[in-house]
Amino acid sequence: MMFELAKELQRDCILMAEWPLCTVLLMNDSQYPWFILVPRVAGAKEVIDLPEPQQIQFWQESAKLSRLLQDTFMPDKLNVAALGNMVPQLHVHHIARFKTDIAWPKPVWGLFSAKPYEDKEIAKIKANFV
């Protein structure tokens, strides 16, 4: 079985980077700096489905993404979560949250319709991943 990114993630996200294990995506919703880390491992639904060396690599890349979000956006809080109820493919959300964002302090999913990024905003964010 070969890895293929879930169709929902392809539809809703913008490719930011390919790291050694994970694909880094930006949710196309400009209301929140919302990134998704997806290990390129076919059939993985949970972090425990990864072999131990890949689990270690995954957590290193998660920490790298978290630091990047802190340094770039200076959020009040980072939300890091793996739910997978709607998209079973292993993917972990990394969301920079602010006390001033429209959903604070509630979770971001399902409350408001997404507001897509403009091309220049995407280019500016993507520059942090080069």
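**Aromatic residues and exposure**

User: Is Trp59 buried, exposed or partly exposed?
Analyst: Trp59 counts as partly exposed, because its relative accessibility is 46% (buried is under 20% relative accessible area, exposed over 50%, partly exposed in between, with a 1.4 Å probe and protein chains only). This is a predicted model, in which local features need pLDDT of at least 70, side-chain atom pairs count only at pLDDT 80 or more, and totals for chains, interfaces and linings use all residues. Residues are numbered from 1 along each chain as its sequence is written, and side-chain values use heavy atoms, leaving out hydrogens and water.

User: And Phe58, buried or exposed?
Analyst: Phe58 has 0% relative accessibility and therefore counts as buried.

User: How many aromatic pairs does the structure hold?
Analyst: There are 4 aromatic pairs (ring centres of Phe, Tyr and Trp, the last by its six-membered ring, within 6.5 Å; planes under 30 degrees apart are stacked, over 60 edge-to-face, the rest tilted). One of them joins Tyr32 and Trp34: the centres are 6.2 Å apart and the planes at 75 degrees, so this pair is edge-to-face. Phe58 and Trp59 also form an edge-to-face pair, at 4.9 Å centre to centre and 75 degrees between the planes.

User: What sits over the ring of Trp19?
Analyst: The charged end of Lys64 does, 4.2 Å from the ring centre (NZ of Lys or CZ of Arg within 6 Å of the centre and within 35 degrees of the ring normal).

User: Turning to Pro105, how far is it from Ala17?
Analyst: Their C-alpha atoms are 29 Å apart in space, and the two are 88 residues apart in sequence. Pro105 counts as exposed, at 65% relative accessibility.
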